[in-house]
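The following note is intended for a student who is reading a structure of this kind closely. Please keep the sequence and the 3D view at hand while working through the points.

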Protein chains: 2
Amino acid sequence: MEYQFSDRISALKPSAIREILKVTSNPDVIPFAAGNPAPEAFPLDAVREISQKLLAENPILALQYSVTEGYAPLKQAVLADMKRRYTIGREFDEIIITSGAQQVMDLAAKVLCNEGDVIVCESPSFIGSLNSFRAYKAILKGVEMESDGMNLEKLEETLKTEKNVRFIYTIPNFQNPSGVTMSLEKRKKLYALAKRYGVLIVEDNPYGETRVAGENVPAIKSFDEDGIVIYAGSFSKILAPGLRVGFAIAPREIVAKMTVGKQGSDVHTPIFNQLLVYEWMTNYDFLAHIKKIQDVYRSRLNLMCDMIDSELGGFFNYKKPEGGLFIWGELPESVPMLEFVKEAAARKVAVVPGIAFMINADDRTNCIRLNFSTPTDEAMVKGMKILGELKKEY
Amino acid sequence: MEYQFSDRISALKPSAIREILKVTSNPDVIPFAAGNPAPEAFPLDAVREISQKLLAENPILALQYSVTEGYAPLKQAVLADMKRRYTIGREFDEIIITSGAQQVMDLAAKVLCNEGDVIVCESPSFIGSLNSFRAYKAILKGVEMESDGMNLEKLEETLKTEKNVRFIYTIPNFQNPSGVTMSLEKRKKLYALAKRYGVLIVEDNPYGETRVAGENVPAIKSFDEDGIVIYAGSFSKILAPGLRVGFAIAPREIVAKMTVGKQGSDVHTPIFNQLLVYEWMTNYDFLAHIKKIQDVYRSRLNLMCDMIDSELGGFFNYKKPEGGLFIWGELPESVPMLEFVKEAAARKVAVVPGIAFMINADDRTNCIRLNFSTPTDEAMVKGMKILGELKKEY
């Protein structure tokens, strides 16, 4: 039978990153293309203790069906923590627990966008989110990134020109892939622009807790007095991505619609996983664990930058990020980027070609993305030396 | 701010069942409205042992990111089991692990339906699936149920009349809510009709393992030589729904598209949960556990039928199902069904009004759905006596 697929899915290519992740599951390949948290960043003892306790004391709750909006005590714990540490969440806000922050992107597009509506994105941006949006046949308009965040003149131009813009999608901290952190000034201006033009903001902050240098910049959601920001958070980078637990904090009406959307998607996020996160947040010193993760990533980031400077100096043009999992940099104009990526893969070093993160099919870039959280120190040194050898051929 | 939502989500009302589930989480209410597996049906000791073993021996695998299509050994184990026990799966088929069988419905509509395309459904049918389909703005056409499955004359009429029918959605075993099992003859005819009219079949079989009487009827997928059946299975009723692990077996090209769709939905199903299911399937006697579950449900079903006969005899017109979790029956024409449901709720007995399962807004029914898997024997007796008292007022 000749299968006929929906327009929405025919337009989507499999995520280049996911495809590369398949390659990198080959243990021979040095995984600079992945986005996995460092294995030593998982609080294994805590997870072991909690699992045992949950299944001893509360097994039926942990295994039975649950409500779509999420486990109420976890909702309250996350809201309280976000409010206390980041002034996130007003009277008009509500929270929903999601199957990873990826599901927040899926639900945001699902409840806000008709086919042909516009989402304004940073360019480059995280391909997973872009594909979530494309699956609802939203039209993506990219605004170029500068070293302190989106070019706001271009953003305003886009908001003026485009009809039916439903939201601006931003990753303000250590953006994936660019590593850029948006300045406070730009966050405030971006908020003011969104308010003026009557569009929402989806603030995706999976990496916020991985800051290894510089000072925390307030979240856009922290100055949301108007109910225009949907904030997405995740436990993937601070606890474990395999659990698939994230959340959105947004105005009550939006969360209510997201809940209806989630019912039809997966009924609820696994309750065992939610209980595990809840116990970890409330009975363990998770702030100390976050500090430990930052120490791990600081050392990884420094090592990778040292190796770039020694092996790829003058060849890979980058700015050291203050957190996150990625380094983004540009190859010399004379070097054909895709060929370089393929050559690297042939030598068993996986990196992501920058083109995967561009918004429009005809966008050009000579950048690549390197991940420093996944490889061991030893693999990192080895991989960078291989890239250093490859460089000599250009 | 006045929020503007997508047409797709504005058309959806929160699932009446989910809303009722919220009420029934009040421990005072007798939960004939739920669809929860019986707590004593969970293999608690196995889950405890497996969790401990996984987190001792393979913690990083259990907590790290994984691939979208599912944990390869689990995929192989499920495929092998389905092939061996049910002759499901041909050379051209592939499997994807999903976040519950609900996600199979979401992905089927996502990859197969453009807005305005038609899905043919049994009427009544499971509201969760109907809402998944509606979220993609598919048009649902209901075909009435008979005691041995869909009315096939009406089905053919619909296939003849309707343009752009993308698939027929059926729950062939112990259908939710009607309890009906489709006869082998109808399964074969339905398959032939789908083939003749060039439409796919989505065969949703969450309850197949809960048969408590009669003989197993072969799955439609078992005679799929043409690659036109998407088979959905679930571990919710045989292991634990809170884990959210299901699967689809379908032609390779369809599974490939579903994988792309799933990437944007939730990246992957939690890997800890997948590993748990895999260990249970391979290292435990899960067939013995299924037999145990059947014994539990046989006794529950028999008790509920006894109570109906003694308390609601002549008032609640039903046919005893051979499995599943539900009894569907009709109140006398003179009894206003919705009023009866509300009166029952006021007396702390929750049942689902049949209207929740109808396809079209103007469909009428005087049926209600009773669940026999959730309440304890004691609660069941008490609840049925309350309904018996209520009956006397009509």
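1. The model is predicted.

2. Strands of a sheet pair through backbone hydrogen bonds, in either a parallel or an antiparallel manner. In chain B, strands β3 (residues 118–123) and β6 (residues 165–170) run parallel and are joined by four bridges. B:Ile119 stands opposite B:Phe167 in β6(B).

3. Turning to chain A, the loop between β6 (165–170) and α9 (184–197) contains A:Gly179. Is this residue buried or exposed? A:Gly179 counts as buried because it has 26 C-beta neighbours inside 10 Å, and 20 or more are required for that label.

4. Leaving aside residues up to four places away in sequence, A:Gly179 touches A:Phe174, A:Lys319, A:Pro321, A:Gly324, A:Phe326, A:Ile327 and A:Trp328. By contrast, 25 Å separates the C-alpha atoms of A:Gly179 and A:Ile139, which are 40 residues apart along the chain.

5. Chain B is superposed on chain A by a rotation of 180° with 0.0 Å of shift along its axis (RMSD 0.0 Å). The two copies are therefore related as by a two-fold rotation axis. The same surface serves both copies, as 99% of the contact residues of chain B recur in chain A.

Note on methods
Residues numbered from 1 in each chain as written. Chains lettered and ligands numbered in written order. Predicted model: local features only at pLDDT ≥ 70, side-chain atom pairs only at ≥ 80, totals over all residues. Pairing = 2+ DSSP bridges. Helix = DSSP H or I, 4+ residues; strand = E, 2+ residues; numbered from the N terminus. Buried ≥ 20, exposed ≤ 12 C-beta atoms within 10 Å, placed from the backbone. Contact = placed C-beta atoms within 7 Å. Least-squares fit on C-alpha atoms with pLDDT ≥ 70 in both.
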